[in-house]
Amino acid sequence: VSYSWPTNETTAKTEKSPTFGQITLNAKTAAGWIAITEELTEDSLVPLGQYFRDVFGEAWGTEFDKQCLAANADPFDGVLYQTSVNEKVMSSGKTSFEDVEPDDIKALIQELTTKNKRRNARLIMHETVLDVLMGWKNANGDYILQRPSEGRPPTIFGYPYTTSDAMPDTSETAVSTPFIVFGNPRYILHGERVGMEFRVFNNTEGTMQYDRIYLRARLRQGFEVAIPAAFARLVTAAA
């Protein structure tokens, strides 16, 4: 919406017509299962059902980040591969994640050209990529972002950062590869049709014949980058 300035008290104010976009979240199923034996549960000193439920929960945390950030039609597109996201390609010769320099981060931030786009924005990267940034030194050999006696700074160029194991790590470096994201995560939408469903199946033919107990985790979720223009990604050079 926008404002108008009536010339006097007899001038009609201008009606505004805000336009809403519509985004469809297509729910897809994610699931995993394992089989254990009754003998194993009987001999274990810990409750294995609860243990594997926690393990599946932790695995979903990583998968959640992947779908938001790094999935490539697998089955959703994360920010790194959403086609309409702003993109900053590093200069020729910078073909490795290790080649990232302060000017590259500055240029990435500048891809978001308005105050609204940068509001609550943050840098998102893998922990090993952050290690590269922490290794930056000036001409005198001093660390730029921290001294050996200091902890990591809470911001980089004034913006907070988040690390995620779902983002590409330095061992995955390659040409023409996105590896750092800048933007406000609130513009990634997540829909939950079915939350974490953990079930035990112990009345099956496998149980009767082989003493097997089956544990299954299942969810139905949807993900979408709602405002691609509010994100930018840093990409290694092609050559």
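A salt bridge is a side-chain nitrogen of Lys or Arg within 4 Å of a carboxyl oxygen of Asp or Glu. The model shown in these views is predicted, with local features needing pLDDT of at least 70 and side-chain atom pairs counted only at pLDDT 80 or more, while totals for chains, interfaces and linings use all residues. Residues are numbered from 1 along each chain as its sequence is written, and side-chain values use heavy atoms, with hydrogens and water left out.

**View A. A salt bridge joins arginine 233 to glutamate 87.** The nitrogen-to-oxygen distance between these two side chains is 2.8 Å. Arginine 233 belongs to strand E9 and glutamate 87 to strand E2, so that the pair connects distant parts of the chain, 146 residues apart; strands (E, at least two residues) and helices (H or I, at least four) are DSSP runs numbered from the N terminus. Arginine 233 counts as buried because its relative accessible area is 6%, whereas glutamate 87, at 40%, is partly exposed. Here buried means under 20% relative accessible area, exposed over 50%, and partly exposed in between (1.4 Å probe, protein chains only). Strand E9, residues 231–235, also holds alanine 232, which is buried with a relative accessible area of 0%.

**View B. Arginine 218 and glutamate 197 form a salt bridge between two strands.** Their side chains meet at 3.7 Å, N to O. Arginine 218 is in strand E8 (residues 212–225) and glutamate 197 is in strand E7, 21 residues apart, and this pair too links distant parts of the chain. Both partners are partly exposed: arginine 218 has a relative accessible area of 23%, and glutamate 197 has 25%.

**View C. Arginine 53 and aspartate 54 are also paired by a salt bridge.** Nitrogen and oxygen are 4.0 Å apart in this pair. Arginine 53 is partly exposed because its relative accessible area is 42%, and aspartate 54 falls in the partly exposed class with 38%. The model has seven salt bridges by this rule. Elsewhere, Lys94, Glu101 and Asp104 are linked in a network of such bridges.

**View D. Ten residues line the largest pocket.** A pocket is an open set of points on a 1 Å grid where a 1.4 Å probe fits, with protein on both sides within 12 Å along at least five of seven lines, and lining residues have an atom within 4 Å of a point. The lining consists of Phe64, Asp65, Cys68, Leu69, Ile124, Thr162, Ser164, Pro185, Ile188 and His190. Helix H2 (48–70) and strand E7 (188–201) are the elements that contribute two or more residues to this lining. Of the elements, H2 gives the most, with four residues.

**View E. The peptide bond from aspartate 74 to proline 75 is cis.** Its omega angle is near -10°. Proline 75 is located in the loop between H2 and strand E2 (86–89).

**View F. Asparagine 120 and serine 176 have positive phi angles.** Asparagine 120 has a phi of about 60° although it is not a glycine. This asparagine sits in the loop between helix H4 (115–118) and strand E3 (122–125), and asparagine 120 is exposed because its relative accessible area is 56%. Serine 176, likewise not a glycine, has a phi of about 50°. The loop between strand E5 (159–163) and strand E6 (178–183) contains serine 176, which counts as partly exposed at 44% relative accessibility.
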